[in-house]
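Please read the following note with the sequence and the structure side by side. It is set out as numbered points.

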Amino acid sequence: MTLGSGRQKIEARHLTKRYGSTRAVDDLSFDVNPGIVTGFIGPNGSGKTTTMRLILGLSEPTSGEVTVGGRLYRDLPAPLREVGALIDAKAVHPSRTAYRYLLALAQSNAIAASRVDEVLGLVGMEGVASKRVGGFSLGMSQRLGIAGALLGDPPVLMFDEPLNGLDPEGIVWIRQLMRHLASEGRTVFVSSHLMNEMAVTADHLVVIGQGKLLRDEGMSEFIESRSQHWVVVRSPQLDELSTRLKAAGAKVKIGIEDSIEVTGIDSSGIGDLASAHGLTLHELATQRVSLEDAFMDLTHDSVDYRASGVAA
Ligand SMILES: Nc1ncnc2c1ncn2[C@@H]1O[C@H](COP(=O)(O)OP(=O)(O)OP(=O)(O)O)[C@@H](O)[C@H]1O
Ligand SMILES: [Mg+2]
């Protein structure tokens, strides 16, 4: 298979989906590019699944459009060979075996039966191929769903919350799988509400809140722009130290329990300055905003904005 980049870009333009008065997806425009993992992140109910369903033509946009390789999903001649997706892991008929489920999927899409064994191997499910899907744990269902997505060897892959129900080993496995698929030149679009997991999996981030686009940027840009840090300092000579720090250009805020919180100078700078003036330090601790906090902060703003908009 050739992984020509023209076939692989997902392009959403002013994509909007309304359910009654709910704007599940609200004027979203973004690109998902090949060769990288793009994380699609937002809190519960922010419109991630709805967006993925729109990409797959499982529901129709109220306005705007989304294309894969320049075409609407329904116009793709062999969809399963173009786009593989895991949307609802529990959607498989419970009385089917894993093997039968995949075989039916392969046959209805003109995919060789030998590929079924291949993908069962890829997701580590050879041992349970003849078991009924109804008895599967959520983690096993996720693996089966991923096997289904990989069946047509598609250049574009979408996974909706693939980490749900996976144990730590499963989480590492899926992270490596996604990175591997991207390294082969595929387009990998994966949703999650776990920022820390995305930080070690995705190269690029599309962040939404209340159906609206909040950020569309590289992971390193996101980390850089969001990860503030400051230093908590305790000293028996806090007043004099504060004066010296301000004179050196640092910003000083009163902290809790007789501490100060210092920005604009790092911990070694503070240590050196204290030493140069014979001041004693009892604590010098660098603090960072976690990515999870940064994400909550970002999406919380959008919830506030939305709530006041409705009230007005
Ligand atoms: N078929 C539907 N009918 C009515 N409302 C819907 C429908 N599908 C989704 N919604 C609403 O659209 C909004 C977005 O839902 P969606 O499932 O896309 O969010 P999500 O980001 O996937 O959330 P989660 O993290 O919980 O999976 C929610 O307010 C939801 O209630
Ligand atoms: Mg969802």
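Predicted model: local features only at pLDDT ≥ 70, side-chain atom pairs only at ≥ 80, totals over all residues.

1. Residues are numbered from 1 along each chain as its sequence is written, chains are lettered from A and ligands numbered from 1 in the order in which they are written, and side-chain values use heavy atoms, without hydrogens and water.

2. Helix H6 comprises residues 168–183; helices are DSSP runs (H or I, at least four residues) and strands are runs of E of at least two, numbered from the N terminus. Its buried residues are Gly170, Trp173, Ile174, Leu177, Met178, Leu181 and Ala182, where buried means under 20% relative accessible area and exposed over 50% (1.4 Å probe, protein chains only). They lie on the same side of H6, because they cover an arc of only 165 degrees around the axis, taken from the directions from the helix axis to the C-beta atoms.

3. The face of H6 turned away from the buried side carries the exposed residues Pro168, Glu169, Gln176 and Ser183. Just after H6, Gly185 takes a positive phi of about 95 degrees.

4. Lys48 is in helix H1 (residues 48–55). Its relative accessibility is 5%, so Lys48 counts as buried.

5. An oxygen atom of ligand 1 is 2.8 Å from an N or O atom in the side chain of Thr49. For Asn44, the corresponding distance is 3.0 Å.

Technical notes: Expected span 1.5 Å × (residues − 1). Polar contact = N/O pair within 3.5 Å; in protein donor to acceptor, adjacent residues only side chain to side chain.
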